[in-house]
Amino acid sequence: MTKILALVASRRKYGNSHVLALEAMAGAKSAGSDVELLNISDLQIDFCEGCLRCVFTGKCSGKDDMGLLLAKILEADGLIVSAPVYLLSPASVIKKLLDRALVIALYADELSERLRGALTISVAGKEDWSPLGPEILNQFALAYGFTVYNYLEAFAPGPGEILLQDEVVTQANTLGHGLVEYVLGKAQPRTPDPGQCPVCYSRSFRFLGGRNVQCPICLIKGELEESGIIRITSDLKKDSFWEPGHRKRHLEEWIKVTRVTYLKNRALIKDKQKKYLPENNIY
Ligand SMILES: Cc1cc2nc3c(=O)[nH]c(=O)nc-3n(C[C@H](O)[C@H](O)[C@H](O)COP(=O)(O)O)c2cc1C
């Protein structure tokens, strides 16, 4: 039986993110899947210490709920992640957890053998104040080794007010059902709009000079055509930052290599750092 894990990132119980996640879970259950919900804002998730122990030993040095959450994420065939937009992007626990996803590089081979999909649900108060809601949630899903099956962008300012929009509630249910079909290989992912990144559905691009643009969420490149359409020039299977092969190369050819250089210079760096100790009073 397929397993769908739903992560909610709002402190508002039965608020908009919560009820839409529950509705998507009901849809997933109706498609025959096992479902589980966790509110990630109730978990103890610490800041990344930047020690990189996770990518060298497979274990984080922290003593929080990350181990439990990671085990559930690795086991899941599908992910539903639902979060409110705060100050133009998803609530901060999403970024806190994104910072902790480097370890997924160690599981790249294993995860690439399974079709794992994500449905992301972004809830904002107002349409033009959510430029990065779905984008960052999709990045979260990709960072944890899922492809993006679809996303739902909803708008409701007050707690639970989304329940006044029946069509959105129904859509959450339908997409939850579709997510299970997708991981079973029976449904296709969402078709990106012409101005959207085909990997992460980002609607934001960075200008690199001339007509060259780059998606800031997954780093694939393209060219902006006269018509306003972005023609992707990257190899989608190879060049996305989140593609399993790239995750492995990032680990082997960058993190491990920069570690060797750092260790060579460590004594010198430590010596130079002494200048900044409080007793030297430089400011
Ligand atoms: C601290 C805070 C910041 C917010 N910032 C934004 C924002 O930048 N853009 C927006 O459209 N809505 C914003 N909102 C509105 C929420 O996104 C909206 O109320 C959403 O429905 C909350 O979902 P929830 O009920 O699942 O918590 C903000 C709300 C709060 C409490």
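Modeller: Helices (H or I, at least four residues) and strands (E, at least two) are DSSP runs, numbered from the N terminus. Helix H1, at residues 16-30, is followed by Gly32, whose phi is positive, near 95 degrees. This is a predicted model, in which local features need pLDDT of at least 70 and side-chain atom pairs count only at pLDDT 80 or more, while totals for chains, interfaces and linings use all residues. Residues are numbered from 1 along each chain as its sequence is written.

Colleague: What span does H1 reach, and what is expected of it?

Modeller: The expected span of a helix is 1.5 Å times one less than its number of residues. With 15 residues, H1 reaches 21 Å from its first C-alpha to its last, which is close to the expected 21 Å.

Colleague: Why is H1 called largely enclosed by the rest of the structure?

Modeller: A residue is buried if 20 or more other C-beta atoms lie within 10 Å of its own, exposed if 12 or fewer, and partly exposed in between, with C-beta atoms placed from the backbone. Twelve of the 15 residues of H1 are buried, so the helix is largely enclosed; among them are Asn16, His18, Leu22 and Gly27. The cover over these buried residues includes strands S1 (3-8), S2 (34-39) and S3 (78-86), together with helix H7 (166-183). Over the 283 residues of the chain, 38% count as buried.

Colleague: What makes up the shell around the ligand?

Modeller: The ligand is surrounded by 20 residues, the closest being Gly15, Ser17, Pro84, Ala124 and Gly125. At least two residues of the shell come from each of H1, S3 and S5. By class the shell divides into eleven nonpolar, seven polar and two charged residues, where Ala, Val, Leu, Ile, Met, Phe, Trp, Tyr, Cys and Pro count as nonpolar, Asp, Glu, Lys and Arg as charged, and the others, Gly among them, as polar.

Colleague: How many residues of domain 1 and domain 2 are in contact?

Modeller: Two residues are in contact if their C-beta atoms, placed from the backbone, lie within 7 Å. On that basis 13 residues of domain 1 are in contact with nine residues of domain 2. Helix H5 (108-112) and helix H6 (133-143) are the elements that give two or more residues to the side of domain 1 that touches domain 2, and H6 gives the most, with five residues.

How values were computed: Near = placed C-beta within 6 Å.
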